[in-house]
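Subject: A structure for you to look at

Hi there,

I am passing a structure on to you, and I hope you enjoy exploring it. Please have a look first, and then read on.

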Amino acid sequence: MNKRKMATVWMGALVIGLLLWGGSAMAGRNKGFGQGMGQGNPPCFASLSADQQKQFTDLRQKFFNDTATLRQQIAEKRAALNLELTKATPDVNNAQSIQKELSGLEAQMAQKRVAHMIEMKKICPTMGTGMGRMHGGAMMGRGMMGQGMMGAPQAQ
């Protein structure tokens, strides 16, 4: 097999692997608000009543379910953009077109995330004041309300 065919086979395998990994990674994400990959619950969760905890968990699951298609589309666009950019001579117009679509999808997700976080804060008012990643990394380094890291409660 010549080098070009081998590179095409490897790139195809990489794209398939990324799509499979992305789908399985998304299945386990957005289940919490702790540091790292969004696992766990915010500090206030333990102080909620059983009814509030159920309400909190149900709202979080609804958001996860409602955004599944959007998250999958984002993963696919990221993979398509990465594929285009790894070509020896990427098509600038195609890469820009994919990025524009990706930006639109990410903007939709950001709007849904903000609305969701506002609903969650009605149940757990101190949520989002710590550092860490919330719902897929949008809050890296600062809390949801833009408060600094010093003195903020830490998610577990």
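Below are some notes on the salt bridges and on a surface patch. Please keep in mind that this is a predicted model.

Let me start with the charged pairs. Across the whole structure, a search turns up 6 salt bridges, and here are some of them.

Helix α2 covers residues 50-66. In it, Lys-54 and Asp-58 are joined by a salt bridge whose closest N and O atoms are 2.7 Å apart. These two residues are separated by about one helical turn, because they sit 4 residues apart in the helix. Asp-58 has a relative accessible area of 40%, so it counts as partly exposed.

Helix α2 also holds Lys-62 and Asp-66, again 4 residues apart and about one helical turn from each other. Their salt bridge has its closest N and O atoms at 2.6 Å. Lys-62 is partly exposed at 48%, and Asp-66 is partly exposed at 48% relative accessibility too.

Next comes helix α4, residues 92-123, where Glu-119 and Lys-122 lie 3 residues apart, about one turn of the helix. Their side chains form a salt bridge with an N to O distance of 2.8 Å. Is Lys-122 buried or exposed? With 60% relative accessibility, Lys-122 is exposed, while Glu-119, at 35%, is partly exposed.

Finally, there is a nonpolar patch on the surface made of Met-6, Val-9 and Trp-10, with about 340 Å² of accessible area together. Met-6 belongs to helix α1, residues 3-27, and is partly exposed at 39% relative accessibility.

How values were computed: Residues are numbered from 1 along each chain as its sequence is written. This is a predicted model: local features need pLDDT of at least 70, side-chain atom pairs count only at pLDDT 80 or more; totals for chains, interfaces and linings use all residues. Side-chain values use heavy atoms; hydrogens and water are left out. Patches are made of residues with over 30% relative accessible area and no salt bridge: like charges are joined within 9 Å, nonpolar side chains (Val, Leu, Ile, Met, Phe, Trp, Tyr) within 5 Å. Accessible areas come from the Shrake-Rupley method with a 1.4 Å probe; for residues, only the protein chains shown count as cover. A salt bridge is a side-chain nitrogen of Lys or Arg within 4 Å of a carboxyl oxygen of Asp or Glu. Buried means under 20% relative accessible area, exposed over 50%, partly exposed in between (1.4 Å probe, protein chains only).
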